[in-house]
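Subject: Structure for you to look at

Hello,

I am passing on a structure for you to read through. Please open it first and then go on to the notes.

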Amino acid sequence: IEKIKVDVKEATDEISVHINDIAIKHDTVVFTPNEGEAAKPEVITYKPKDSTVTFKFPEMLVVGDGTLELHFVGNLNDQMAGFYRSSYKDIKGNSKIMASTQFESLDARRAFPCWDEPA
């Protein structure tokens, strides 16, 4: 489960995050403001072209700090981007597998839901 701290600056009924090759478990998504009631989205929309998922809530979210909580499943890929599988040889020459990360611009979204565009 991922918990993302969110600062809602103005009234909105949507939160969008970047994802790529990640599946969100819809029934786990909830936004809980520091002051107020928790809310589950009524609609979850994927936009593969933009590598985003948008959570639309039934009411406006409370302005201020809160937490977006969700469960997701990603892939340990072979694309040398995000969270990926790599190999190396140990001191005895045996091949070993390791997990590596590459979080250059736009690649973190392959490892977990986030905002990863350069500011």
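The notes below say what was found in it.

This is a predicted model, in which local features need pLDDT of at least 70, side-chain atom pairs count only at pLDDT 80 or more, and totals for chains, interfaces and linings use all residues. Residues are numbered from 1 along each chain as its sequence is written, and side-chain values use heavy atoms, with hydrogens and water left out.

Confidence: pLDDT is the predictor's confidence in each residue, from 0 to 100. Its mean over the chain is 91, with 98% of residues at 70 or more. Strand β5 (residues 52-56) has the highest confidence, at 97, and strand β7 (residues 82-89) the lowest, at a mean of 89.

Fold: the chain has eight strands and zero helices. Here strands (E, at least two residues) and helices (H or I, at least four) are DSSP runs, numbered from the N terminus. The chain is more spread out than a compact globule, because its radius of gyration is 17 Å, well over the 14 Å that the globule rule gives for 119 residues. That radius is taken over C-alpha atoms, and the rule is 2.2 Å times the number of residues to the power 0.38. Along the principal axes, the C-alpha atoms fill a box of roughly 60 × 25 × 25 Å.

Contacts: of the contacts (heavy atoms within 4.5 Å) between residues at least 6 apart in sequence, 61% join residues at least 24 apart.

Regards
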